[in-house]
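Here is a friendly note to read with the model open beside you. Take the points in order and find each place in the picture as you go.

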Amino acid sequence: MPSRLPALHVTTDGVGDLDVDALVVPVFRGAIEAPGAEQALQALGLDEVPRDARFRGRLGEVLDLAAPGQPWGRVTLVGLGRMDELSGEQLRRAAGSAARHLAPTCRAIATTLVLVQPAVETVRAVAEGVLLGAYRFDDCRPGRDPLEVADVTLVVPSSLVDAADRQLQLARTHAAAQNIARDLVSTPPNLLGPDDIAQRADGLVSAGVEVEVWDEARLIEERCGGILAVGRGSARPPRLVKLHYRPDSPVAKVALVGKGITFDTGGISLKRPSEIMESMKGDMGGAGAVLAVFSALADLDVKVEVVGYLCLAENMIGADAQRPSDVITIRNGTTVEVMNTDAEGRLVMADGLSLAVEDDDVEAVVDVATLTGAAARALGKRASAVFANDDDLLRQVLTASEAAGEAMWHLPLWEELRDNLESEVADIDNIGRGDEAGATIAGLFLREFVDGRPWVHLDIAGPFWQDEDRYHNPRHGTGVAVRTLLRWLEMTGR
Ligand code: BES
Ligand code: MN
Ligand code: ZN
């Protein structure tokens, strides 16, 4: 169940008039005080920010100060980091840290703001940070009280009031969508198999989005050999979900394809050691992100026609599981020798990408997948790897990721590594020889199925999951890529 978001609004009142459980005051690292701090500090009888080893104003640090005799239950200082590094993302992170800290205990929160340019981005970034930080996955603890926070006020200069409503609405829609993806990633795999995602899709997408579910019989009829091969080891059959958003007079048509492995044991090529399986309930993070995007398109009034493909299967080791060295046939007719059943994501994605480019009107394809451990090793937990066969589309997606504050780094599709995919018996092999450049080889594999259409591949294997709380991302499923995709679609439709 999507979590409840606190209400957000703006005010131009002075902080002295705000009756809240906590007044959040952002402060820079270093000697310069951020505007807005002074009045709150004075009210507490302080002439400067109390800085010590615990609180220096480093990004995301929080310090609670008692506020006797004031209308605020407390003043919470939050670090913005260095003034010369200030950006929308710093604001999002600081706001997220404060919200995560206060959400369990405070019902009403207000915050002063430090402006970035363009100023409207200030409201949007802070609102996103607050809404994303005040999230907790509680679906498996129905008896637990929800987070306390219900009402958040941003103290803005009067020049921002008119534009603020729209920015708050954008932030709300993006955060709600990201929270859907987070919920899906964090949901235990026994409760979320391929058909469970298919069943939930209708209730999550915005009104007007068409949802079509292909069951096993249909997948056979449609020759989706990749999804079927991966799904056959599981008692829970695979699915393909097609989503279709059609605005009036669209300016473009694009497709999104998501990897939806609801649990990845590796199949017969079993993952070792078994501890690395724990986060594999989130191996549907790509499909979760794509589904979440479709929850927001109508609200954002996106002018682009968008088709989505969720490639859903559970990679298990049942009696009918595929074997290493099986040869399968993907939707587009390519035969693949499955040399490693743990490289299953590319098999299901091959069907999804093939379907996406069958429609000649689709101008661009973006896929999202927790595809390779290699991407996570190369870039760490912070950034997604981006691969592309088209510079313009690549630039668009990177611009969107920058605006969203979701780090992405372009990696190459080295042409000479394509030879790695040569198979002795089929058109291609699914892992390639040698263990170099695993994320690139996976990208080259996927490229075989896009038929030269402008295409970007996002490998989110690093950031889809976090073991630690970090700024506006509470630990576990992050919902990464949702806001980048939404920003991209908003920009494309303008
Ligand atoms: N789902 C995994 C990739 C993954 C690993 C995502 C860790 C997130 C965190 C994928 O299906 C996989 O197993 N990939 C293999 C490919 C290899 C067998 C060529 C990998 O990365 O080891
Ligand atoms: Mn795998
Ligand atoms: Zn996988």
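1. In which helix is alanine 356 found? Alanine 356 sits in helix α9, residues 345-358; helices (H or I, at least four residues) and strands (E, at least two) are DSSP runs, numbered from the N terminus. Before going on, note that this is a predicted model, where local features need pLDDT of at least 70, side-chain atom pairs count only at pLDDT 80 or more, and totals for chains, interfaces and linings use all residues. Residues are numbered from 1 along each chain as its sequence is written, chains are lettered from A and ligands numbered from 1 in the order in which they are written, and side-chain values use heavy atoms, with hydrogens and water left out.

2. Is alanine 356 buried or exposed? Alanine 356 has a relative accessible area of 1%, so it counts as buried (buried means under 20% relative accessible area, exposed over 50%, partly exposed in between, with a 1.4 Å probe and protein chains only). Leaving out residues up to four places away in sequence, alanine 356 touches Ala255, Val257, Tyr309, Val362 and Val365, where contact means heavy atoms within 4.5 Å. By C-alpha atoms, alanine 356 and alanine 119 are separated by 39 Å, and they are 237 residues apart along the chain.

3. Now for the sheet. It is an open sheet of 6 strands, in the order β1-β6-β5-β2-β4-β3, with mixed pairing; two strands pair if DSSP finds at least two bridges between them. At the edges are β1 (7-11) and β3 (62-66), each pairing on one side only. From one strand to the next, the twist averages 25° (axes are lines fitted to C-alpha atoms, for helices over the stretch in contact, and angles run from 0 to 180 degrees between N-to-C directions).

4. Look next at β2 (residues 22-29) and β4 (residues 74-82), which run parallel and are joined by 6 bridges. Arginine 29 stands opposite arginine 82 in β4. Helix α2 (residues 88-102) packs on the sheet, touching β2, β3, β4 and β5 (108-111), and its direction makes about 150° with that of β4. Helix α4 (residues 161-186) lies across β1 and β6 (151-155), at about 155° to β1.

5. How many residues surround ligand 1? There are 16, and the closest are Lys271, Asp283, Asp342, Glu344 and Gly373; a residue is near a molecule if one of its heavy atoms lies within 4 Å of it. A backbone N or O atom of glycine 373 is 2.7 Å from an oxygen atom of ligand 1. The protein covers 77% of the 520 Å² of accessible area that ligand 1 has on its own (accessible areas come from the Shrake-Rupley method with a 1.4 Å probe; for residues, only the protein chains shown count as cover).

6. Threonine 187 is in the loop between α4 and α5 (194-204). Its relative accessibility is 4%, so threonine 187 counts as buried. Not counting residues up to four places away in sequence, threonine 187 touches Phe137, Leu192, Arg200 and Lys281.

7. Finally, visit helix α13 (residues 482-492): 9 of its 11 residues are buried, so it is largely enclosed by the rest of the structure. Among the buried residues of α13 are Arg483, Trp488 and Glu490.

Notes. A polar contact is a pair of N or O atoms within 3.5 Å; within protein, one must be able to donate a hydrogen and the other to accept it, and residues adjacent in sequence count only if both atoms are side-chain atoms.
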